[in-house]
Amino acid sequence: MVRRPQLLIAICVCGVATATGAVLVLNAPKDTYERPAPPPPVGAYLHGGAPLRDAAIERALSEELPPLVAQAALLREGDHRADDAARKQLLATLDHDPAFASHGPALASSWHEMLGALDHWMVLTPTDHDFLPAGQELRARIDAVSDQFAAAELAYYIDPEIVSDPQPRSRPGIFAYRVEDVAFVRSNDRASVRVLEARKLGDGHSGQRLGMNEDELADPIVLLDAVDAKVQNQILPVLAGDTFGIADSEWAYSTRGRQAEAAATVAIRDELLAALYTDAQDPTTASGRTRDLIATSVRHHEAQHKIDRDRSLRYPPELSTRLGDKKNDPFAVRSRYELSAYLSQIASDTWLPQLTLWNLVRHGFHKGARREESYVAVVVVEGLSRQLGLPTVGAIVKRDGSIDRDRLAELAMPLARKSTAELRSAAAKVWADLFGEPLVRLYD
């Protein structure tokens with residue numbers, strides 16, 4: 001669900017496109033606009049590495065665009081703090097910013113047109129007849145700006161979640177990231193997948209998602225701020241002797257909850273110590289190395305999403321029996337993609353497959369509304385257990401759709417004692433069984 005009370009901002013880099021110049025007429029309706037096809041990649045987007053930065057553009061995106069977008073929320077809510085004069089001044093300042101024109105007419109034109117579309121959309125309400133088409137145009141115009149950033153090898157991408165279709169994870173805002181690095185994930189029989197590692201610009205909560213792979217994105221994205229937070233708040237404390245939290249305190253303090261947390265903690269700590277070796281003795285070195293390992297693992301996860309988006313992915317019976325036969329239902333589609341990506345991530349992760357597994361399993365232990373990962377966790381644990389010859393425990397998903405956490409823990413705990421090689425091999429076999437073809441492992 002889109003939440004209205006708070007507006008957030010962020011940025012990043014993505015594909016590429018060509019826009020033609022036009023005179024900006026603020027707050028005026030326009031003909032239907034379609035996002036142009038991206039131009040060929042250049043520089044870092046072709047060969048990898050760090051794209052170019054521009055301090056003036058970063059300032060506009062992180063300091064000047066957010067208050068303009070905030071006015072959209074205030075206007076739509078009828079908030080007394082909405083200031084139309086301030087809105088127009090912000091628009092004019094951004095529209096005349098020379099930083100965009102300094103990188104050529106295509107970027108300047110696409111930026112100009114994006115602001116015009118934003119001005120038109122931000123004064124509309126959902127009851128206005130042109131609200132939806134205006135939002136679709138705004139999204140296309142924003143994506144075209146991101147394309148032009150990449151065409152100029154600039155390290156920026158604008159994520160227009162403020163005009164996204166309502167989804168449980170959506171937050172109203174125009175988010176911006178700076179791309180720190182462009183990497184390529186490879187496999188033996190497919191073209192390499194370009195993945196961007198991005199860091200948020202501006203203030204505000206960066207969220208818990210470690211990666212992003214939306215339909216509009218030409219490239220999957222690893223969210224480095226979220227990776228950093230996970231390393232500092234969850235992973236390094238395990239090295240220091242803390243437990244790996246997997247559920248709410250009520251169940252985590254139960255007998256089965258304590259057993260599951262202990263099993264996960266030992267498996268993850270042993271895995272980290274083996275991966276870090278002598279680096280584990282220095283907190284700074286351990287932090288950097290762990291961050292790199294997790295970013296690599298997430299990069300593979302997001303690359304698998306990209307691969308699956310470009311083909312027809314089978315809907316496994318193990319999901320359909322729990323989610324229903326409507327394979328094109330958005331929840332079922334997302335669950336199918338997450339099932340593929342998590343199994344591929346475990347199978348491709350040379351160093352931390354236990355961490356990936358238990359990061360997933362903890363979704364099944366969470367109390368409250370179930371998400372896609374909750375059911376994916378059940379299918380993955382059942383599949384791995386079956387491949388490894390572990391005893392069954394009975395039905396984990398109840399008739400009402402809730403998950404029996406004690407049974408899930410009972411089935412998952414023996415997996416914590418399996419070696420890295422056993423876990424990776426089993427994950428590859430489960431993926432092949434579920435999707436009807438061999439898994440092609442990913443590597444950098």
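Helices (H or I, at least four residues) and strands (E, at least two) are DSSP runs, numbered from the N terminus. The model is predicted, so local features need pLDDT of at least 70 and side-chain atom pairs count only at pLDDT 80 or more, while totals for chains, interfaces and linings use all residues. Residues are numbered from 1 along each chain as its sequence is written, and side-chain values use heavy atoms, with hydrogens and water left out.

**The whole protein**

Start with everything selected. The protein has 16 helices and 6 strands. Of its 444 residues, 54% are buried; buried means under 20% relative accessible area, exposed over 50%, and partly exposed in between (1.4 Å probe, protein chains only). Next, think about contacts, meaning heavy atoms within 4.5 Å. Taking those between residues at least 6 apart in sequence, 71% join residues at least 24 apart.

**Helix 3**

Select residues 84-95, which make up helix 3. This helix of 12 residues reaches 16 Å from its first C-alpha to its last, close to the 16 Å expected at 1.5 Å a residue. The expected span is 1.5 Å times one less than the number of residues. Which residues of helix 3 are buried? They are Arg87, Leu91 and Leu94. Look down the helix axis: the buried residues of helix 3 fall within an arc of 70°, so they line one face. The arc is that of the directions from the helix axis to the C-beta atoms.

Then select aspartate 83, which caps the N-terminal end of helix 3. One of its side-chain oxygens lies 3.1 Å from the backbone nitrogen of alanine 85. This is a polar contact: a pair of N or O atoms within 3.5 Å, where within protein one must be able to donate a hydrogen and the other to accept it, and residues adjacent in sequence count only if both atoms are side-chain atoms.

**An aromatic cluster**

Colour Phe100, Trp111, Phe149 and Tyr156, which form one aromatic cluster. Rings of Phe, Tyr and Trp (its six-membered ring) pair if their centres lie within 6.5 Å; planes under 30 degrees apart count as stacked, over 60 as edge-to-face and the rest as tilted. By this rule the count comes to 7 aromatic pairs. Zoom in on phenylalanine 100 and tryptophan 111: their ring centres are 3.9 Å apart and their planes are at 10°, so the pair is stacked. Phenylalanine 100 sits in helix 4 (residues 98-101) and tryptophan 111 in helix 5, 11 residues apart. Both phenylalanine 100 and tryptophan 111 are buried.

**Two loops with a positive phi**

Most residues other than glycine have a negative phi. Go to the loop between helix 6 (131-151) and strand 2 (156-159) and pick glutamate 153. Its phi is positive, about 60°, although it is not a glycine. Glutamate 153 is buried, with a relative accessible area of 19%.

Now pick tyrosine 277, in the loop between helix 9 and helix 10 (283-309). Phi of tyrosine 277 is near 55°, again a positive value in a residue other than glycine. Is tyrosine 277 buried or exposed? At 65% relative accessibility, tyrosine 277 counts as exposed.

Select glutamate 197 in strand 4 (residues 193-200). At 8% relative accessibility, glutamate 197 counts as buried. Leaving out residues up to four places away in sequence, glutamate 197 touches several others, including Arg178, Arg291 and Arg299.

Move on to glutamine 234 in helix 7 (residues 224-239). Glutamine 234 is buried too, at 12% relative accessibility. Its side chain makes a polar contact of 2.3 Å with that of lysine 230.

**Helix 15**

Finish at residues 405-412, helix 15, with buried residues Arg405, Leu408, Ala409, Leu411 and Ala412. They cover an arc of only 165° around the axis, which puts them on the same side of helix 15. Show their cover, which includes helix 8 (249-252), helix 9 (255-276), helix 13 (353-365) and helix 14 (372-387).
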